[in-house]
Amino acid sequence: MAEEVLNTHNASILLSAANKSHYPKDDLPEVALAGRSNVGKSSFINTLLDRKKLARTSSKPGKTQLLNFYNIDDKLRFVDVPGYGYAKVSKAERAKWGKMIEEYLVTRDNLRVVVSLVDLRHEPTADDVQMYDFLKYYEIPVIIVATKADKVPRGKWNKQEALIKKKLNFDSQDSFVVFSSETKDGYNQAWDTILENL
Ligand SMILES: Nc1nc2c(ncn2[C@@H]2O[C@H](COP(=O)(O)OP(=O)(O)OP(=O)(O)O)[C@@H](O)[C@H]2O)c(=O)[nH]1
Ligand SMILES: [Mg+2]
């Protein structure tokens with residue numbers, strides 16, 4: 001249980017960063033949240049920290065535009081990464097986004113694991129596959145979290161999980177968590193898997 005090793009309620013936004021020069025300068029472990037815009041990254045953070053509005057969520061995609069660093073009990077940080085696959089951005093913005101994400105994922109020594117969120121209801125998008133391939137290529141530890149499980153009947157969870165794994169060419173060494181920010185299904189498994197990676 002996460003609560004035994006850290007006070008998950010002692011959490012706050014630390015800073016927002018557009019590039020390396022703004023990142024926190026210490027060696028606390030970091031867990032980054034990646035995924036399509038609107039998939040539920042910010043909601044995942046709020047759920048794991050039992051807070052309704054710490055990370056800003058929105059039904060409008062593209063809410064999170066910088067790397068947002070959250071301090072958790074001075075022991076670890078969550079890094080909320082802007083979502084990909086949002087149609088209404090220019091080519092230039094997309095390129096800027098790509099540079100920002102890549103700089104963080106590839107050069108950040110503090111990074112221990114990326115929680116890569118996909119939607120349990122759907123087959124992963126081409127961008128989802130690309131993100132997973134990218135993380136595997138750079139040998140960055142990854143946890144796949146399939147969220148919005150409350151929108152899928154329980155009897156279909158296994159089928160959806162298999163479909164997602166197939167499309168991603170999922171590495172059986174990686175962890176896969178079925179999750180819902182609505183019902184908190186997967187809460188313990190998500191925390192346990194994250195803590196194993198620190
Ligand atoms: N039913 C359901 N809705 C969810 C879940 N997680 C997130 N949502 C909803 O999905 C929408 C987007 O959630 P966010 O957490 O803001 O998504 P995000 O990935 O942070 O989006 P960006 O910041 O735009 O990249 C919101 O309306 C959330 O309430 C879930 O597990 N179940
Ligand atoms: Mg967000």
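Predicted model: local features only at pLDDT ≥ 70, side-chain atom pairs only at ≥ 80, totals over all residues.
Me: What does the radius of gyration say about the protein?

Reply: A compact globule of 198 residues would have a radius of gyration near 16 Å, and the protein has 16 Å, so the two agree. Along the principal axes, the C-alpha atoms fill a box of roughly 45 × 45 × 30 Å. Of the contacts with a separation of 6 or more, 75% join residues 24 or more positions apart.

Me: What percentage of the residues is buried, and which residues have the most contacts inside the largest nonpolar core?

Reply: In soluble globular proteins, nonpolar side chains tend to be buried together. Here, buried residues make up 47% of the 198 residues. The largest nonpolar core has 33 residues, and those with the most contacts inside it are L67, Y104, L105, V114, L120 and I144. Elements that give two or more residues to this core include strand 3 (67-72), helix 3 (91-107) and strand 5 (111-119). Apart from this core lies another, of 27 residues, among them A2, A55, F78 and W191.

Me: Which residues does L67 touch?

Reply: Residues up to four places away in sequence are not counted. Among the residues that L67 touches are L15, Y23, V79, M100 and Y104.

Me: Is S116 buried or exposed, and where is it found?

Reply: S116 is found in strand 5. Its relative accessible area is 2%, which lies under the 20% cut-off, so S116 is buried. Beyond residues up to four places away in sequence, S116 touches A34, M131, L135, V142, I143, I144 and V145.

Me: Why may helix 2 be described as largely enclosed?

Reply: One counts its buried residues. In helix 2 (residues 41-48), 7 of the 8 residues are buried, so the helix is largely enclosed by the rest of the structure. The buried residues are K41, S42, F44, I45, N46, T47 and L48. They pack against strand 2, strand 3, strand 4 (76-80), strand 5, strand 6 and helix 6 (187-196).

Me: How many residues apart in sequence are A2 and N188, and how far apart are they in space?

Reply: Sequence separation and spatial distance are read separately. A2 and N188 are 186 residues apart in sequence, while their C-alpha atoms are 7.7 Å apart in space. A2 lies in helix 1 (residues 2-5) and counts as buried at 2% relative accessibility. Leaving aside neighbours within four places in sequence, A2 is in contact with T8, W191 and L195.

Me: Which residue just after helix 2 takes a positive phi, and where is D74 found?

Reply: Most residues other than glycine have a negative phi. Just after helix 2, D50 takes a positive phi of about 55°. D74, which is not a glycine, has a positive phi of about 55°. D74 is found in the loop between strand 3 and strand 4 and counts as exposed at 56% relative accessibility. K184 is not a glycine either, and its phi is near 65°. K184 is placed in the loop between strand 7 and helix 6 and counts as partly exposed at 40% relative accessibility.

Methods:
Residues numbered from 1 in each chain as written. Chains lettered and ligands numbered in written order. Heavy atoms only, no water. Rg over C-alpha atoms; globule rule 2.2 N^0.38 Å. Buried < 20%, exposed > 50% of the residue type's maximum accessible area, 1.4 Å probe, protein only. Contact = heavy atoms within 4.5 Å. Core = buried A, V, L, I, M, F, W, Y, C linked by side-chain atoms within 4.5 Å. Helix = DSSP H or I, 4+ residues; strand = E, 2+ residues; numbered from the N terminus.
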